[in-house]
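Hello,

Here is the structure we talked about handing over. Please have a look, and read on below for what turned up at the chain contacts.

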Amino acid sequence: MNKVMRLHGSKINRKKHIKFKFNDKEMTGVDGDTLASAMLANGQMLFARSFKYHRPRGVLTAGSEEPNALVNFFNDHSWEPNTKATTIELYDGLLAKSQNHKGSLEFDFMAINDYFHKFLSAGFYYKTFMWPKSFWEKIYEPVIRSAAGLGTLEKKDDPSIYDKGFLHCDLLVIGAGPAGIMATLTAAKNGLKVILCEEDFVLGGRLNADTEFINEQAGSAWADDKLDEIKQFANVKVMIRTSVYGSFDHGIFGAVERKTDHIRSSGGKPRQILWRIYTKRSILTAGALERFISFGNNDRPGIMLSSAIRTYLNRWGVCPGKRIALFTNNNDGWRTARELRDSGCNVVAVIDSRMESSNQLDGVPTFKGETIIDTRGRKRIKSIELKDGTTIETDCLGVSGGWNPNIHLSCHQRGKPVWDDKKLCFLPDKIPFGMKVAGSANGKFLLSDVMRDSIQKTEQIVKELGYKYKKISVPKCTGEDLIIEECWEVSGTKSRSWVDLQNDVTSKDIYQSYLEGFHSVEHLKRYTTLGMATDQGKSSNVLGLAIMAKIQKTTVGDVGTTIFRPPYTPVAIGTLAGRARGKEFRPYRLTPSHNWATEMGAVFVETGNWLRAQWFPKPNEKHWRQSVDREVLETRKSVGICDVTTLGKIDIKGRDAGEFLNRVYANNFGKLEVGKTRYGLMLRDDGVAYDDGTTARLSDNHFMMTTTTANAVGVFRHLEFCRQCLWQELDVHMISSTDGWAQYAIAGPNSRKLLQKIVDDNYNIENENFPFMACGEITICGGTAARLFRISFSGELAYELAVPSRYGDSLIRILMEAGKEFNAVPYGTEALGVMRIEKGHAAGNELNGQITAQNLGMGKLISKKNDCIGNLMSEREEFEAPESLRLVGFIPVEKSKSLTAGSHLFSRSIEHKMENDEGWLSSVAYSPNLEHSIGLGFIKNGHNRIGETVVAVNLINNQLLDVEIVSPHFLDPEGERLRA
Amino acid sequence: MIINHPYLGPRDASEFVYKGDANLINRPNWDSKNSHQQFHDYLYLRDNPEGEHKELWYHEQGDRSWLIVTRNTITHEVLDVKLVRDVSVGKRK
Amino acid sequence: MKYSALKIFLEGLTGNKGWKPVWREPEPKEEYDIIVIGGGGHGLSTAYYLAKEFGISNVAVLEKGWIGSGNIGRNTTIIRSNYLLKANQPFYELSMQMWENLEQEFNYNAMVSQRGIMNLYHNDPQRDAFVRRGNAMKLSGAGAVLLNEKELRKVAPFLDFDNARFPIKGALCQPRGGTVRHDAVAWGYARGADSLGVDIIQNCEVTGLNLDKGVCVGVETVRGPIKAKKVAICVAGSSSNLMRMAGLKLPIESHVLQAFVSEGLKPALPGVITFGAGHFYVSQSDKGGLVFGGDIDGYNSYAQRGNLPTLEDVCEGGMAIMPMIGRARLLRMWGGIMDMSMDGSPFIDKTPIDGLYFNGGWCYGGFKATPASGFCYAHLLAKDAYHPKAAKFKLDRFRRGDIIDEKGQGAQPNLH
């Protein structure tokens with residue numbers, strides 16, 4: 001460690017040394033350092049390369065607004081590109097490396113761009129790279145892409161864990177500088193529930209960076225004391241390392257707390273936490289950020305903001321140069337010069353653009369009414385040249401172009417700040433409801449004004465929230481005002497003058513942008529990329545606007561500003577996702593037989609959030625088709641059992657429940673007898689088929705509706721809409737009982753025999769007593785309540801048996817045990833699908849939200865006699881068009897061939913193009929019963945074309961297949977089995 | 001956003017499902033003259049104001065009530081929240 | 001002024017001082033043959049094709065702010081022609097073909113980058129639906145490839161194949177899909193239209209439509225009245241407001257769609273990837289930012305900004321399929337006003353008022369349609385006849401039940 005460069009600092013422990021590596025170079029810092037302060041203390045001024053010209057860059061700021069010093073940072077087992085060295089908290093063993101260069105940081109081959117800068121001016125890429133056409137993707141773009149970008153993303157999964165949480169408070173204080181501390185104390189003493197967020201890892205803001213006194217105590221010590229005081233309040237939560245990144249509707253804020261970025265590894269704990277903070281009121285006390293001045297070669301390493309030099313000096317005890325010069329258009333530069341001199345640093349010049357400046361500094365050469373026109377020094381500034389020709393040797397230049405109140409969060413809800421011609425900055429306006437802005441964020445630059453403003457605003461908040469206000473006095477503060485005069489750009493230089501350092505936007509680009517007609521600030525931003533870098537233009541935007549105003553001979557206020565948008569500082573995508581990744585992306589819904597199916601070795605498939613058994617392979621089965629074919633054949637031969645719990649179940653009761661169903665289903669339901677079940681087709685209000693299922697009448701006023709798995713939630717919502725919003729006069733109540741009942745389909749010729757073994761003796765389920773479509777509330781296994789429905793999706797003699805979910809696991813085991821003598825098989829969703837296609841039932845592939853009842857061949861089902869959802873709209877001319885699509889069956893003419901779902905259908909000997917397209921195959925399966933491929937699909941006028949051969953065109957797989965249009969009922973078209 | 005539920009107090013908007021123009025509760029009479037025209041207008045031509053908008057929200061993750069929320073579509077400010085049941089009491093067909 | 005590498009070289013040598021404005025800033029004339037209201041992508045391309053293809057150059061584009069300030073300035077820049085329905089697919093394929101020749105035609109590099117678009121599928125029904133869609137694409141000449149898991153792993157090895165909640169089984173790929181530098185499209189069309197004599201008039205908000213005996217004869221603007229033989233509305237986001245001036249209601253709701261961009265990164269993604277099961281799509285810009293988005297927020301809004309739940313939902317979708325982006329940081333988020341139509345498809349049509357035409361309802365898919373939308377709208381304006389590939393985008397289609405519902409969601413705009 002270079003001890004010469006380490007002085008006393010307010011927030012470091014000089015005795016505790018910390019070792020770290022930058023580009024494999026070992027360095028030593030001290031406790032309390034950032035990577036930037038430690039590197040500066042080690043004499044490392046070269047941090048990075050710029051985006052376009054690959055110019056050597058140092059560090060401009062001491063905070064999260066840093067445009068230059070971006071590094072690749074290794075933390076928690078992964079590299080994090082584009083990390084600001086000014087925000088990385090130093091820890092033992094820290095690794096960082098520079099980015100965006102080919103070759104080393106010192107010798108970057110890409111720096112050749114800088115020599116061709118004349119040809120790389122604003123928007124050059126819009127004017128070339130067009131010939132020959134094919135070169136864009138092959139040559140130009142790959143070159144441009146690899147040159148662009150900043151850091152490199154590791155192409156491996158982010159190993160860190162992230163978490164999310166909610167917080168609630170009366171008052172959120174954003175920023176813990178003097179205004180934030182004062183607001184927190186005031187609110188705390190008045191009993192408000194307060195959250196104080198600070199992005200830095202110490203509290204105090206500029207109090208740690210400056211040497212002001214409060215109540216005759218050094219500012220940073222005052223901040224420490226006040227923090228201790230704040231910690232005594234149970235109603236205050238202080239969150240350091242927490243950036244409030246966005247302000248959203250109704251007082252909701254987004255914040256990121258960095259939990260472990262300041263240690264090497266998270267140790268399995270969340271690296272960062274995303275907080276959503278719900279507030280009644282908020283106060284923005286985010287301070288102000290110093291801005292830059294545009295002059296020739298103002299981007300060299302060693303050129304910093306004046307206030308940043310002061311921060312490095314006072315907070316970290318680092319003097320960043322041996323010969324320091326200052327360039328200022330306000331009093332801030334003088335303050336830095338004075339403090340440097342008082343700390344024993346060598347200040348070689350103060351250049352003040354103001355003629356009338358009353359400042360002076362003994363022993364320091366001063367140049368009033370003077371500006372810097374150019375600088376020299378490739379990897380570190382060596383000298384500056386003043387407009388009058390004076391050359392001054394320097395290795396560090398501090399620049400102050402004035403201060404921008406940090407109004408970002410006050411503008412996230414499209415607030416438009418207003419320009420203050422005297423303070424030369426934007427002040428907050430049209431602030432979101434519930435927010436106040438105080439301190440230098442509100443344009444108060446004198447410390448005592450900051451304190452007063454903060455207390456006053458907090459007083460208003462306390463009163464607004466209905467608390468009695470206890471007076472807090474304004475502390476006595478030192479400090480001086482800015483007294484700023486315009487100096488945005490030093491003209492008369494042939495060199496480039498940077499405006500946006502990171503994106504390499506120079507004042508010439510702004511002039512050219514104007515020349516080409518890009519006058520609006522939004523055009524300026526988009527054409528030159530000004531302010532679009534990772535710092536979101538915090539140090540450059542206002543400067544760019546001012547230069548544009550100068551060109552247009554108007555004021556910054558008239559030029560206007562671009563829109564401030566979240567986030568205030570960039571937020572890791574991993575943090576925003578939290579734990580919702582991998583298997584935890586969405587919750588799993590498991591069926592009641594899941595554990596049992598797992599024991600059986602079932603293969604599962606995701607259907608929505610459900611996991612369902614897809615098939616149950618036997619040890620000798622090598623291919624899924626073998627399992628599925630067996631399940632189908634065994635079910636049709638004897639009996640099979642399938643968990644159908646996932647179907648939506650809605651329990652509907654009330655005197656008018658029948659009438660309600662009559663209105664929500666397209667087909668008539670009023671006359672359904674008690675103890676019977678009916679198929680129901682539900683239309684959307686636009687007349688398109690929405691959902692189908694069966695509904696059972698358990699008693700006069702009690703119905704049990706089933707929906708498809710996919711629409712269970714939507715149908716229930718729709719029914720509630722009908723009930724509450726359309727037909728309040730109906731006495732009807734309902735509840736979703738999808739999760740309340742475990743339901744199994746028991747299908748096959750032996751299903752009744754199997755059921756008879758477990759249904760209690762007092763219930764007769766013989767055909768004559770319990771025929772097809774019967775339903776009833778019964779008991780099984782000696783008294784367990786159950787519901788039995790004689791419905792069939794498979795086309796077999798079949799039942800669905802429901803028991804309360806908690807018995808679901810037992811029931812599947814009991815059913816399988818009872819079914820042993822019939823060789824009962826469990827079957828999964830694949831076999832279910834095969835059997836329903838064999839039977840010609842529509843499912844999700846058919847009910848896709850584009851298909852009408854008419855398309856399904858169910859047009860005649862729609863009730864014309866009464867008002868029901870969708871019937872009127874289904875009468876529109878296109879719905880009733882004579883040659884419309886119709887659901888039919890398809891088989892390959894050559895039986896050994898397989899159909900492919902998604903094939904389009906064409907008449908024979910017609911060209912295969914869009915205009916001639918007549919339909920498509922929606923669902924296909926291999927029917928082990930018919931021993932060939934079968935399919936359902938839609939084709940124009942299909943029901944009148946049975947027997948016709950058409951072509952199934954599958955260009956995706958280069959497959960053309962002659963197929964015959966057949967009835968969709970491949971098996972048992974008369975329905976004898978299900979009535980058996 | 002936060003919706004101040006008449007019974008349950010302020011709730012996060014993510015508990016709700018949005019439907020749209022509150023006029024959707026005024027379904028035309030099925031058997032009126034030109035009912036096809038009326039249903040077309042009811043379903044497809046909705047209010048889409050820049051400013052105050054009465055709209056339907058469903059408290060799906062809560063008490064399953066349908067609400068009429070009056071909200072400004074420029075500022076997102078919520079001006080009023082009512083249960084549909086209370087708005088159309090006595091509405092009979 | 002013709003742009004070329006040579007021109008850049010010569011200008012560079014002389015200090016880049018000879019560049020000319022990309023478009024003029026004319027004062028509005030008293031009367032035009034056609035006024036296009038809205039200086040967004042579609043409005044500018046309409047004016048360009050009116051002049052270039054139909055010989056009508058006495059045209060003004062009236063823009064209330066700065067040109068390109070609508071959704072063309074705020075989108076995720078994706079172009080594709082991977083639609084399913086007959087009414088849509090040929091139209092979007094026409095647009096794609098126009099993209100492919102655009103830059104050379106108007107001498108402006110909009111960075112049309114055809115690096116492919118991949119829609120992931122996770123189960124058999126989704127694959128079946130994609131096969132159907134892929135065939136529709138091939139039948140209209142758009143091209144499509146169905147990648148299985150093994151093939152997809154080769155192009156996108158970073159996807160979470162092994163630990164995903166919804167296992168990735170493959171993708172439907174349109175190799176010709178890709179991205180375009182969105183602002184450059186607006187500027188390129190503006191430049192092209194301007195050079196053909198079209199007046200582009202910024203800061204000229206239309207405050208009223210002038211009707212004479214039920215015929216639209218011009219507009220009122222903040223800069224005074226302007227007469228026109230035909231008035232063409234093309235103001236996505238403000239469509240309902242403009243049509244309200246004519247006393248007409250539209251089958252459109254205004255919704256906010258958010259989009260997001262990360263900090264710049266060296267190349268990490270091969271093309272556009274979409275994850276339908278989790279509401280996420282992403283590409284990488286030439287500058288290196290990951291440009292991504294998801295669903296609309298879901299409530300009517302003119303605020304041009306959104307809320308947190310959608311942001312989190314989108315990032316969850318991103319991490320669910322490509323956990324390598326955890327350390328990439330969100331840099332900026334923004335929101336645009338979408339004309340969400342009742343079936344998810346657009347309108348290019350005459351209105352019931354003679355002389356007044358309407359183009360809108362593009363939902364969040366308008367960017368890719370920019371060339372064909374302008375061309376077909378210009379066709380309608382110039383000839384009073386529908387272009388055959390945009391003949392279904394009619395305002396009265398709901399009366400007839402001729403719905404163009406790609407997603408099958410019905411009259412629920414926030415679900416399209």
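**What was found at the interfaces of chain C**

Strand E31 (residues 571–572) of chain A pairs with strand E16 (residues 329–341) of chain C in the antiparallel sense, over two bridges. Pairing here requires that DSSP finds at least two bridges between the strands, and helices (H or I, at least four residues) and strands (E, at least two) are DSSP runs numbered from the N terminus. Within E16(C), C:Arg329 is the bridge partner of A:Ala572.

Some ground rules before the rest. This is a predicted model, where local features need pLDDT of at least 70 and side-chain atom pairs count only at pLDDT 80 or more, while totals for chains, interfaces and linings use all residues. Residues are numbered from 1 along each chain as its sequence is written, chains are lettered from A and ligands numbered from 1 in the order in which they are written, and side-chain values use heavy atoms, with hydrogens and water left out.

**Chain C with chain A**

Contact (heavy atoms within 4.5 Å) involves 121 residues of chain C and 126 residues of chain A. The two chains bury about 10600 Å² between them, 55% of it on carbon and sulfur atoms; buried area is the accessible area (1.4 Å probe) that two parts lose on being put together, summed over both. On the chain C side, C:Leu139, C:Arg165 and C:Arg327 lose the most area to chain A, together 10% of what that side buries.

There are 12 salt bridges across this interface, taking a salt bridge as a side-chain nitrogen of Lys or Arg within 4 Å of a carboxyl oxygen of Asp or Glu. One of them joins C:Glu316 to A:Arg586, with the closest N and O atoms 3.1 Å apart. Helix H4 (residues 124–139) of chain C gives the most to the side that touches chain A, with 10 residues.

**Chain C with chain B**

Here the contact takes 27 residues from chain C and 25 residues from chain B. About 2100 Å² is buried between these chains, with 48% on carbon and sulfur atoms. C:Lys249, C:Asn300 and C:Tyr302 supply 27% of the area that chain C buries against chain B, more than any other three residues.

The rule finds two salt bridges between chain C and chain B. B:Arg46 forms one with C:Glu253, where the closest N and O atoms are 3.2 Å apart. Helix H7 (239–245), strand E12 (252–264), strand E15 (289–300) and helix H10 (397–400) of chain C each give two or more residues to the side that touches chain B. The largest share, four residues, comes from E12(C).

Best wishes
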